[in-house]
Amino acid sequence: MYGDKSRVVIVGGGLAGLSAAECLSRLYPDRFEVTLLEARRVPGGRAGSFVDRASGETIDYCQHVAMGCCTNLIGLLERAGQLNEWTRYKELTFLHPETPPSRFSPSTYLPAPLHLMGSLKQLRYLSAENRSQLKHGLWRLMRTPSNELRGCRASDWLASNGQDNSTVKAFWEVILVSALGEDVRCVSMAVARKVIIDGFAAARGAADVLVPRKPLAQLFGDSLVRYVCGLGVSVCLGQSVSRFHLDALMGSVRSVETASGDSFSADQVIVATPWRATARLIHASKIAEVFPDVDQWHDLPSSPITGMHLWLDREIMQNDQVAIVGMLPQWVFRRPIELQRAVEEHYYQVVISASHDVRGVEVNELSRQVMRDLARVLPEARSAKLLRSQIVTDPRSVFSITPQIDAIRPVSSTAIQGLYLAGDWIQTGWPATMEGAVISGLMAANGFLASEGLATEPIDGGLKRGWLAKAIIRN
């Protein structure tokens, strides 16, 4: 104990670590001495940005978006005074090379899940057979509880429930590859169900898309950190944790040691780092014997996401974002005119999830391929000149959420007294998302609070379901 306060050290300054720190310091400002250690010079984890040398603009490595169903993330943003920095869109535009643009706009008056039915009709590229299969597949998914999908791959379930290849490519892949960052031939159907049901079917507003209006480095690395520090958290940057030490008699955490030789005394530790870093830390601390799956954590397969940054000589679309069906670019985002510094350049970001096939492709060739695809669905792109481009691929952007991997995701509490895990890769029920990261931080904080006999922070279960959704959707 430090005076009357218990010393809490949080390892990792991404959304998971910041969420845990915010929860503890907000609920019990006089009970805990919270120190957050981040190895990098800028917190925020994978939700980061870089400065484009040519324009001086701060650009996100890869576009991050939230959805209306991400209620725990939205709650954190609201408490931090950030919600006005995100634009909320209640409809989406889907582009297909063989049909006019399609609006996906759920009904504002029909109860969920009926509010989606009209939206399917609005997707012009779907055939009558596609729509028929989709209605059947969505009904079957709503009537199948998640626990019955454990161990099942999405592609297998879809095939066995009447979804042919054209329907999978035209709808299921468009949604799931972007949300899960991996091919439907790999992903767990239980987690896929989470995306479809919670993200679209369960409640009106769940499918709303929230897009940040400022770079993530400003929102998370600066503004959110300032808010957390204002609650009393000490944030130490450039502190790479090398190991933690246990009390030999009590078997509990005693201190945390950094690579620079600094030592931080701790009564409780929350490790909020990615899976490989967590596994390395556990091995370095010589406690691997109490974590039977730790070697599997280190070797969790990952899936790359590519952000392709394009600077063009003209505008090519009026929408702030569009989804593209059946082509290499999956989403295109434009920077609003009022946020662009150089009037002679127009910035766009193309997002390619599960980008295994583009790794190793030369930058100019990939740029040409993307521009050819954009020209097929955006008429203005046909005459646009590509001024320059940059590709950012994170090969370990998300863990590949196969049924086997989903089964070994650890829970937050551990067998070591005072040690908790956080991060979007632990067992939150969510895929690798900002919402999952925030929930994991709350889970770690709650585990710690419960062990102290203190009231915990309720984790928001999502948007409230209406009577019809409750009657139709089986939990």
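Reader: How do the residues of the lining of the second largest pocket divide into nonpolar, polar and charged?

Author: The model is predicted. In it, that lining divides into 12 nonpolar, nine polar and six charged residues. Gly counts as polar in this scheme. The lining has 27 residues, and those nearest the centre of the pocket are Lys169, Glu173, Val177, Asp183 and Gln330. Asp, Glu and Lys count as charged, Val as nonpolar and the rest of the names here as polar.

Reader: What supplies the largest share of the lining of the second largest pocket?

Author: Helix H6 does, with seven residues. H6 (165–180), helix H5 (154–160) and strand E18 (346–353) each supply at least two. The volume of this pocket is about 740 Å³.

Reader: What makes a space a cavity and not a pocket?

Author: In a cavity a 1.4 Å probe fits but cannot get out, whereas a pocket is open. The search of the whole structure finds one cavity of 30 Å³ or more. The largest cavity has a volume of about 50 Å³.

Reader: Which residues line the largest cavity?

Author: Its lining consists of Phe104, Leu116, Leu120, Leu138, Phe171, Ile196 and Phe200. Phe, Leu and Ile count as nonpolar, so the division is seven nonpolar, no polar and no charged.

Reader: Why is helix H2 described as largely enclosed by the rest of the structure?

Author: Buried means under 20% relative accessible area. Seven of the nine residues of H2 (71–79) are buried, and therefore H2 is largely enclosed. The buried residues are Thr71, Asn72, Leu73, Ile74, Gly75, Leu76 and Leu77. Their cover includes helix H1 (15–27), strand E9 (209–212), helix H8 (216–230) and H13. After H2 comes Gly81, with a positive phi near 70°.

Reader: How do you know that strand E1 and strand E14 pair?

Author: Pairing asks for at least two bridges. E1 (residues 6–11) and E14 (residues 268–271) have four, in the parallel sense, so they count as paired. Ile10 stands opposite Ile270 in E14.

Reader: What is the order of the five strands in the open sheet?

Author: The order is E10-E2-E1-E14-E20, with parallel pairing. E10 (234–237) and E20 (419–421) are called edge strands because each pairs on one side only. Neighbouring strands of the sheet are turned by 20° against each other on average, direction ignored.

Reader: Which strands does helix H13 lie across?

Author: H13 (residues 434–451) lies across E1, E2 (32–38), E14 and E20, and runs at about 155° to E20.

Conventions. Residues numbered from 1 in each chain as written. Predicted model: local features only at pLDDT ≥ 70, side-chain atom pairs only at ≥ 80, totals over all residues. Heavy atoms only, no water. 1 Å grid on protein atoms, 1.4 Å probe; cavity = no way out; pocket = protein on both sides within 12 Å on 5 of 7 lines; lining within 4 Å. Points joined across faces, edges and corners; volume = space filled by probe spheres on them. Axes fitted to C-alpha atoms, helices over the stretch in contact; angles between N-to-C directions. Contact = heavy atoms within 4.5 Å. Buried < 20%, exposed > 50% of the residue type's maximum accessible area, 1.4 Å probe, protein only.
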